[in-house]
Amino acid sequence: MIFVSRAVSPYWDNNFWEFFATLGKRLMHMACDSGPLAFDELQLMVLICIAIACGLLGPLLVLKRMVMLANSLSHTILLGLAISFLVSSALFRTAGFDMTHLFFGALIAALLTVLMTSALTAVFHLQEDASVGLVFSTLFALGIITVTLFTRDVHLSVEVVMGNVDALKREDLQLAGYLALVNMLFVFIFYWPLQFSSFDRFLAASMGVRCGFIHTALLFLVAASCVGAFRAVGVLLVLSFLVGPYLTARLFFHRLWQLLIATPLIGVGAALLGVALARHLLTVFDMALSTGAIVATLIAVFYPIAYIIKISFQKRVIE
Amino acid sequence: MGEALSHAAYPGVVVGVTFCAFLETVSFSGSLLFAIGGAFLFSLFGLWTIEWLEKSGKMPGDAALCFMLASFFAFGLLVFSYLQSAYPLFASHVQIYLYGQSATMTDFHTMIYGGLAAVIILFLVVAYRPLQAMHFDQNFSSSAGVAPPFLSSFSFVLLVLSIVIGIRGVGVILMSGMFIAPAIAARQWSDRLSVILWLAALFGLLSGFLGNVLSVDLSTHLSVLFPERRLSLPTGPMIILVGSSFAFFSLLFSPKRGVFARIVRILQFRLRSDEENILKAVWKRGGISFSECRKTIHLWLPTLFYLLWRMQRHGWLVWAYQRYSLTPDGTRKAARIVRLHRLWEVYLTDLGWPEDQVHRTAEEMEHILTPELENRLSKQLNFPRFDPHEQPIPERDDFR
């Protein structure tokens, strides 16, 4: 089935450069009449949406020192999703991945993680890193077992970590698009409060910014982005999208608004190059590699390249 | 740290097995050696990467950790997807390392992992003192020359080694739980490092054993239920679940630091304070009827009944002529409390507090002061006879 659709895909047998040529041609065409999306375009657009959604949250996460929490969230959404699926299939006899699952799964995961972590530190007097570690490993283990037991499918638990770009559907694009939109609106509307609360909590609080609300909303959006992205890239590579582009952008930009623009752009660039590269490798070397992994690896590779560029640039300035 | 390094081991496993696939050695033992070697090298490389990112990239520590973890894992998945399309047989070898599986282990595995574990235990036993000094006070240990400078980096190597041992059974993603859960559980039962270490090892051992047993049991159960699916539960999640239930159990029920023990202690203290307040009230009036008692001591009725009953049983109160009055024992105890209260008031006024404000803190302190503190206080205040409100302070002889 997949092979048939690939054979009729306009990108069939394209290498790296031809991919972009075809993409450009199809974009021109699409301005006149909208035909069905080719598979590569679907992948590309989903990955771009994820890159935008995550790229907008990444700078805030790192600045607010919430990376470890995001890390544990990206694992625990599995349990949240499993619970939301179980409840919905038991109560309403519906199965399928849609907005409600996204919403409730993210909500359950975020609530469970944050409440348990803070309970462990406050009530049990554990160190913060220890409680984060304990909570996320326990919840992830529970999630894996629940998924294996109730879907009765061993491969799903592997797919959860790897992501599966080949199984994407139109609904996934819709989902990722909504996510990108919501995150954009969030950052746009709450730009000032976010800026204050990520650099100086006390100043922000004294100026009437509700740090608690901002913090909670950010956590929820991170959880939602993890859920939205996990079908495409899996629970772990979301982290790459969240943290990697920001760290690269940070080498060159130092203002929050610049960072908030540059970070998603770097992610989008990685997605473009990644999908083209995946097609190139398939065409030229006949290697079918996971597109999500390629994009995440590209994000990682961007950092040392950017670092070298920056160093050499600095040297030139000094000379 | 353990989490990041165990994730970093994943590409090592994949690359090792891929290398093995190139050489076309199909045996499990061959791929095992390559996997171990690759995992070890990549974990070390990950460690170095984190340090470099923090130092040269000037990143915050948590971001560096996360970035390294995600990037290494992404690379691992990339190579894995290649392996899956090119050598599906070897890909199934790699998949085991994701969530762990012990069913396919052989004697060869046991020997290798046992040997590595023995190396770690040996090191811990030999270098126990320097390690202890290093972890409690880095500056002291390095200036006193207790811990050689390479010890810290060497213990990181051992951390990596323990990850390499664990990922076959527990899986790379959950391996960090194995570092945390047994340690948390052990910490609740003791304050001594050596005891904690042994306990943690024991908890780890138990969770490994029970987790495996459970996963095998459940898998056979499932295969009876759904014979056509060929389901098997991975061992890793089960092991982690057992381990963290040990941890949660210890956090709740350990006698010294557990939550229940703490709640019981708090309740006991509250009850004692209430008891002492009743004694004081009776002492001040010479005797008290039940309705008066209810008015002065605001307590839930059953609690009040219980306390009065308990004090009668201790022989501090007697019930006669519709009133509670103090026995000699009770008088002594009540007088001591009043003395503490008034001593503390004197002390606070000595410090310069206004007289009308000292009563409230004294109400609290009277339940806390120990006999030694009492002696020191009265000596320092020159054995006062009256408190700031011109009330006599009971002599010690009254209640000895």
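**Helix, hairpin and contacts in a predicted model**

Student: Which residues of α9(B) are buried?

Tutor: A residue is termed buried if 20 or more other C-beta atoms lie within 10 Å of its own, exposed if 12 or fewer, and partly exposed in between, with C-beta atoms placed from the backbone. In α9(B), the buried residues are M175(B), S176(B), G177(B), M178(B), F179(B), I180(B), A181(B), P182(B), A183(B), I184(B), A185(B) and A186(B).

Student: What kind of model is this?

Tutor: Residues are numbered from 1 along each chain as its sequence is written, while chains are lettered from A and ligands numbered from 1 in the order in which they are written. Local features need pLDDT of at least 70, side-chain atom pairs count only at pLDDT 80 or more, and totals for chains, interfaces and linings use all residues, since this is a predicted model.

Student: How far does α9(B) reach from its first C-alpha to its last?

Tutor: Helices (H or I, at least four residues) and strands (E, at least two) are DSSP runs numbered from the N terminus. Helix α9(B) covers residues 175-187, 13 residues in total. The expected span is 1.5 Å times one less than the number of residues.

Student: Why is α9(B) largely enclosed by the rest of the structure?

Tutor: The reason lies in the burial of its residues. Helix α9(B) is largely enclosed because the buried ones number 12 of the 13.

Student: Which residue of β2(B) is the bridge partner of W319(B)?

Tutor: Strands pair if DSSP finds at least two bridges between them; β1(B), residues 317-320, and β2(B) run antiparallel and are joined by four. They form a hairpin with two residues between them, and Y321(B) in the turn has a positive phi of about 50°. The partner of W319(B) is Y324(B).

Student: Which helix gives the most to the side of chain A that touches chain B?

Tutor: Residues are in contact if their C-beta atoms, placed from the backbone, lie within 7 Å; on this basis chain A and chain B contribute 42 residues each. Helices α4, α6, α7, α11 and α13 of chain A each supply at least two residues of this side. With 11 residues, the helix that gives the most is α6(A).

Key. Two residues are in contact if their C-beta atoms, placed from the backbone, lie within 7 Å.
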